2 protein chains.
Amino acid sequence: MKKNVNIAVVGLGQIGSYLLNELNYKKKDIELKTGKKIKIVAISAKNINKKRKFKINKNIFYKNPLEIIKKAKVDILFEAIGSSDGMSKKIVELSLKNKIHVITPNKALIAKHGDYLSMLAEKNKVNLEFEASVAGGIPILRTIKEGLATNKITKVYGILNGTCNYILSEMETTKDTFSNVLKKAQSLGYAEPGNPKLDLNGYDAFAKIRILSSLSFNKKISKKKCLMEGIENIDYKDIDVTNQLNFRIKLLGITELINNKLFERVHPCLVKKDTYIGNVNGVMNAVIVNGNPVGESILQGEGAGPGATSSALMSDFLSILRGNIKYPFGLPNINRKSVNTYNINNYSNSLYLRLEVRDRPGVLSQITKQLAKRKISVERLIQIPDHKNKTASIIIITHKVNELNAQKCLKSLKSIKNILKDPILIRLF
Amino acid sequence: MKKNVNIAVVGLGQIGSYLLNELNYKKKDIELKTGKKIKIVAISAKNINKKRKFKINKNIFYKNPLEIIKKAKVDILFEAIGSSDGMSKKIVELSLKNKIHVITPNKALIAKHGDYLSMLAEKNKVNLEFEASVAGGIPILRTIKEGLATNKITKVYGILNGTCNYILSEMETTKDTFSNVLKKAQSLGYAEPGNPKLDLNGYDAFAKIRILSSLSFNKKISKKKCLMEGIENIDYKDIDVTNQLNFRIKLLGITELINNKLFERVHPCLVKKDTYIGNVNGVMNAVIVNGNPVGESILQGEGAGPGATSSALMSDFLSILRGNIKYPFGLPNINRKSVNTYNINNYSNSLYLRLEVRDRPGVLSQITKQLAKRKISVERLIQIPDHKNKTASIIIITHKVNELNAQKCLKSLKSIKNILKDPILIRLF
């Protein structure tokens, strides 16, 4: 890398703006550490007139980011638009083809097009860095790619979505409803004001799990659906009951190789209150890596927000300035093989079920009959009556049951008219 | 780095032997990830005839490691002897001067000679890597140097000695004495069988703190003494009483810059049971980094043992094979300045004191008089009588008091004849 390095920042939302400020503020520190002089030569955003905390330098502003590649001499480009396709993909693709290093926090882009883009980067001998795409302030990708480089990693799991973790923690603390706490999260900037769906339904965490799997097991990114469930249907009632049973509800992302088959999943879990993961609360993220010979490694930190994200973007930036040309996924693309997917029907687990029922004789018998039919054995059953509405909540914790039987049973339960709502299912971890 | 890379391993104790095995076992994996073919061309140990799990290849064995540099063509050398001076220093020095990359887990060597050796490495354009020197399985140095590269780090602390943490945890669980638990730790291989002193007196953790300070604050390694206390004087009585007060005793290493002055310390601390650090038990290590903008990052993992250490050595190894020439301390030596030391007399803290006294009238008054003289105000006082021996334990938790007054008071207390042993002092965290 030459001494004078030209930078472009594409996308000036919350993250892009924060980053731009950091780049300006830390110019000297960067020169001290790397010996490089950096210059921001191009910025781009959808709307130049949007209210921002800083003044946009119009001389380096581009309405169309693709123009940057033609007109400015850029060495390193930050993509901070954030969609999985469209302009995000176009600008990253064009940059790599023009031998420009790319740094991005865009998990959706990497989870979807990471294999293709990393091939482009390798071919053009430039870096494609995405530390900020998973668990912002926690340098987990670098830890897996470098810190634990020769370990045989068997399992990675954790709390990968700060929004969901905040909502679940806050519901427990305030005893408030899901929708009220969601509103609070939005007002605090923890959840997207417009459309928080991708956080709440598990999609965001799933994209991160895909990236983690690929790095941990040295495989191509899986395209197959596995298990993805969000927290949208969790009620304060679930939090309250599980709390009394000494559990907390956490949205976990989990990836492991079972007999060389990839099992990726994101879903709410009941975790014991006295475990490490049961005590990671609020917007915190945590990732746990099981490897050999290293044993269990735990990393915890702020998972989102412009500060944490910017910290990760800057670490990628310094790595490039220091001249480390690296394979985006830690090894040459030709050595990254496809992976078969684990058949989720074989997944066996204890379940928490909550059924809202009419408080009538025979209802419990209807339910237990269906459980027996699917060979689901009950470890614990709690019935909480609601005399006013003549209804009851029936909470069941089962012994281990395989997913196929569980789903068949759920289907049968749904057809019982005395069950008033779709059953809630949460898996025990 | 050329395609065929020659390796030497000096020191074949627990760590060197494990590493040698890993290097052989993972040759293919390493080639897959880095494209390099590695060959072990030299090994050295004090005693060729010592009983080992593997057979020594006599063709590549050197009795005198310095001969390796003359006779074998080595690209990367692992130093696994482990002393701060002597042959450890000689072989590292000679290797760097001969443009051989060096990897070492030797915290004593780096804490003492790190500045000089890193200058040598920089001058000769080779790497000096020491990830394994601090918290084995936790890639904390890489995280600070790279993952959090542009953060302003304000404080780093943690549990850095697995032996001490194991002993303290085990005393709590088994209610056994310090010396019995130490014997158990030795038989399990957690503590040195011969001389565990460097673990128990805080020296080991202090060397790690010196390395962490230097990396976190981008300064030269401090040579000044600060505060170093071990766990040798802690009795089960202390663990029992503090437990009832909802505390645990942990040996913490702490480093921070206070008004641009370096305050490094290692000493036992009372930590609240419901905190994160209060729940890191057994041989685990944990490091907590406070940085801006990233916030608080926590890393936890196995801190010692040949598996964890080898994982860190191998990560350094792959980093070199990938061709990353790096400054050992993350920035050019010329930019690493000396740092002034914080005056410990100004350090103010709440204290736990345990005094073993004769159970006689007036003793308590003698003690409280001394406390009052030094303006030490008592938050809590517990007296536990031992009728059989006509003695009592007096436990005092003070409000904040500065170190100077605390030490003066301790000195006065020691001269009271009714106090039968040197008082035990543990600081609150």
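Biologist: How many residues does the contact take from chain B, and how many from chain A?

Modeller: The contact takes 40 residues from chain B and 40 residues from chain A. Keep in mind as we go that this is a predicted model.

Biologist: Okay. Which elements of chain B each supply at least two residues of the side that touches chain A?

Modeller: Look for helix H2 (27–34), helix H6 (140–147), strand S12 (295–302) and H12 in chain B. By class, that side of chain B splits into 14 nonpolar, 17 polar and 9 charged residues.

Biologist: S12 is on that list. How do S12 of chain A and S12(B) pair, parallel or antiparallel?

Modeller: General idea to begin with: strands of a sheet pair through backbone hydrogen bonds, either parallel or antiparallel. Here strand S12 (residues 295–302) of chain A pairs with S12(B) in the antiparallel sense, over 3 bridges. To find the spot, go to A:Leu299, whose bridge partner in S12(B) is B:Leu299.

Biologist: Can we zoom in on one pair? How many bridges join S4 to S5 in chain B?

Modeller: Strand S4 (residues 76–79) and strand S5 (residues 101–103) of chain B run parallel and are joined by 3 bridges. For a landmark, take B:Ile76, which has B:His101 as its bridge partner in S5(B).

Biologist: And for an antiparallel case inside one chain, which strands of chain A are joined to S7?

Modeller: Two to look at. Strand S7 (residues 152–159) of chain A runs antiparallel to strand S11 (residues 284–292) of chain A, with 7 bridges between them. There, A:Val156 stands opposite A:Val289. S7(A) also runs antiparallel to strand S9 (residues 247–258) of chain A, joined by 4 bridges. In that pairing, A:Gly158 stands opposite A:Gly253.

Biologist: Now helices. At what angle do H1 and H12 of chain A pack?

Modeller: Two packed helices are described by the angle between their axes and the distance between the axes. In chain A, helix H1 (residues 14–25) and helix H12 (residues 305–321) pack at an angle of about 60°, and their axes are 9 Å apart. That makes H1(A) oblique to H12(A). Their crossing is right-handed.

Biologist: Which residues make the contact between H1(A) and H12(A)?

Modeller: From H1(A), you'll find A:Gln14, A:Ile15, A:Tyr18, A:Leu19 and A:Glu22; from H12(A), A:Pro306, A:Thr309, A:Ser310, A:Leu313 and A:Met314. These contact residues divide into 6 nonpolar, 3 polar and 1 charged.

Biologist: Give me one more helix pair, from chain B. How do H5 and H10 cross?

Modeller: The axes of helix H5 (residues 107–123) and helix H10 (residues 203–217) of chain B come within 9 Å and cross at roughly 50°. H5(B) and H10(B) are therefore oblique to each other.

Biologist: Is that crossing left-handed or right-handed?

Modeller: Left-handed for H5(B) and H10(B), whereas H1(A) and H12(A) make a right-handed crossing. To trace the H5(B) side, pick out B:Lys107, B:Ala108, B:Ile110, B:Ala111 and B:Gly114; they meet B:Asp204, B:Ala207, B:Lys208, B:Arg210, B:Ile211 and B:Ser214 in H10(B).

Biologist: What classes do those residues fall into?

Modeller: The contact of H5(B) with H10(B) has 5 nonpolar, 2 polar and 4 charged residues.

Notes. Residues numbered from 1 in each chain as written. Chains lettered and ligands numbered in written order. Predicted model: local features only at pLDDT ≥ 70, side-chain atom pairs only at ≥ 80, totals over all residues. Axes fitted to C-alpha atoms, helices over the stretch in contact; angles between N-to-C directions. Parallel < 35°, antiparallel > 145°, perpendicular 65-115°, else oblique. Left-handed = near helix turned anticlockwise from the far one by under 90°. Contact = placed C-beta atoms within 7 Å. Nonpolar A, V, L, I, M, F, W, Y, C, P; charged D, E, K, R; others polar. Pairing = 2+ DSSP bridges.
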